[in-house]
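Welcome, and please have your viewer ready.

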Amino acid sequence: MTTPRRRRWGVAETESSLNLPTRVLLATRDLADRTVASTPARMAIFAFAVVIIFFSLMLWLPISSADGRAINFHHAVFTATSAVTVTGLTTVSTATQWSFFGQLMILIAFQIGGLGTLTMTSLLAMAVGRKLGLRSKLIAQEAMNIGKLGELGSVLRTVAMTSIFFEAAIALILIPRFLLLGEGLGNSIWHGIFYAVSAFNNAGFTPHSDGIVPYGHDLWILLPICVGVLIGSLGFPVILVIQQHPFKFNRWNLTTKLTIIGTVSLLFIGMAFWGLFEWSNPKTIGELGFLDKLLNSFFASIMTRSGGFNLVDMNDANPITLLITDVLMFIGGGSASTAGGIKITTITVVILAVIAEARGDQFVVAFNRTIPDSVLRIAISVIMMSAIIVFIGTAAIVFITGESLDRVLFEVISAYATCGLSVGLAATLPPSCIYILAALMFVGRIGIITVATGLALRSRRRLYKYPEERPIIG
């Protein structure tokens with residue numbers, strides 16, 4: 001006998017009484033429920049992939065190109081991936097290749113990518129008055145790296161308010177400046193909005209063919225962009241804590257303390273080293289005045305950790321500067337932020353572990369808090385897995401193209417860390433290498449741990465422990 005499966009309008013329905021589309025819909029919903037309950041990371045991966053495919057198709061349409069002809073599909077895929085992953089790498093000029101519709105699609109793509117595809121879905125649900133269910137909370141929690149489900153509502157509200165406030169504020173500052181520089185009202189509004197959203201989301205896209213290089217001396221444009229990139233790179237959980245306890249350092253949680261201290265430290269360290277090695281380089285900042293050199297060094301230090309905007313041609317930079325930029329891009333910004341990289345907290349935890357080992361301490365301690373060994377293992381795993389991915393991507397492109405190692409490594413790290421700085425290599429690569437860079441951006445955006453969790457078939461739990469034995473290290 002067939003048992004009732006569901007009740008509709010108070011009447012029990014059997015599996016056989018449902019029509020085919022309804023059965024397919026219910027089966028899909030049940031599959032989604034089981035997937036989210038087991039590993040929300042898989043849904044995160046799937047959602048990002050669907051969004052990238054959608055924008056790839058949109059950019060492939062003839063209406064998206066300025067000349068009215070469909071672009072090669074690999075360029076559409078690369079641009080869509082770069083936008084959704086808020087990277088900023090391009091193989092074609094954003095200003096000359098894309099029509100207004102195409103640029104609008106790119107803007108929407110990096111706005112969605114910056115906030116997180118799944119976070120945006122949750123925000124829309126809250127906007128129409130719906131309460132977030134467990135499924136939505138699990139998905140958004142996975143996307144934003146939030147430790148407790150109870151914090152999700154506050155973080156989502158912070159995402160909405162912070163994004164709207166800072167993007168609107170930056171746009172309102174930039175629009176009058178573009179007007180004063182002679183641009184029309186329509187172009188000024190569009191460019192102000194585009195730069196504001198691109199900066200806050202650490203996207204690095206520019207609507208001008210020569211980027212922001214012509215504004216290299218204009219503080220009215222550079223400072224708002226810097227502030228947008230810096231705030232966006234902190235991470236929404238950090239912004240939430242600072243909003244709740246401003247100027248009360250002792251009440252900040254450990255993540256906030258490590259992120260702020262790490263951000264400030266890397267900002268000045270990067271500024272000092274970048275300025276030192278480019279100070280006398282006539283191709284970059286060597287012929288500028290003292291204050292302009294400091295401004296360029298400050299700007300570069302912020303942008304190398306995920307912003308992607310540049311005032312100088314990276315091909316003209318010294319090799320040691322490119323190496324320093326590689327390191328800063330690899331580290332990136334704060335966790336659950338619009339920035340990329342392995343994240344500041346990851347490298348900070350490992351540095352603290354090294355210091356603890358050098359001192360002979362039994363535990364890793366920061367601000368009177370003991371960092372669990374599990375966190376240290378995750379940090380080491382992120383660094384090692386990221387290094388392996390960068391190595392594989394670099395080796396593959398060098399093998400295919402025969403390009404020099406330093407240029408390929410720079411482009412690969414920029415893609416994986418979703419930074420967007422370039423030595424111009426991406427635009428010259430064959431389609432196969434373009435797809436490799438797109439894959440690196442995808443993996444780098446959603447996070448290597450999310451990928452590993454989402455692709456894992458199952459998690460293992462041992463109910464026993466083997467005897468300990470210490471191997472010789474070093």
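Helices (H or I, at least four residues) and strands (E, at least two) are DSSP runs, numbered from the N terminus. This is a predicted model, in which local features need pLDDT of at least 70, side-chain atom pairs count only at pLDDT 80 or more, and totals for chains, interfaces and linings use all residues. Residues are numbered from 1 along each chain as its sequence is written, and side-chain values use heavy atoms, with hydrogens and water left out.

**Whole chain.** Start with a cartoon view: there are 19 helices and 4 strands to find. Of the 474 residues, 51% are buried, where buried means under 20% relative accessible area, exposed over 50%, and partly exposed in between (1.4 Å probe, protein chains only). Taking contacts (heavy atoms within 4.5 Å) between residues at least 6 apart in sequence, 68% join residues at least 24 apart.

**Helix 14.** Now select residues 319–331, the 13 residues of helix 14. From first C-alpha to last, helix 14 reaches 19 Å, close to the 18 Å expected at 1.5 Å a residue; the expected span is 1.5 Å times one less than the number of residues. Show side chains and look for the buried ones, among them Leu322, Asp326 and Phe330. What do the buried residues of helix 14 pack against? Their partners are helix 12 (254–278), helix 13 (290–307), helix 15 (344–359), helix 16 (373–401) and helix 17 (405–416). Just after helix 14, click on Gly332, which has a positive phi of about 80°.

**Helix 16 and helix 18.** Contacting residues include Ile389, Gly393 and Ile397 of helix 16, and Cys433, Ile436 and Leu440 of helix 18.

**Ala387.** Staying on helix 16, pick Ala387. Is Ala387 buried or partly exposed? Ala387 is partly exposed, because its relative accessible area is 35%.

**Cysteines.** Finally, select Cys419 and Cys433. Cys419 counts as buried because its relative accessibility is 0%, and Cys433 is buried with 0% as well. A search for disulfides (cysteine sulfur atoms within 2.5 Å) finds 0 in the whole structure.
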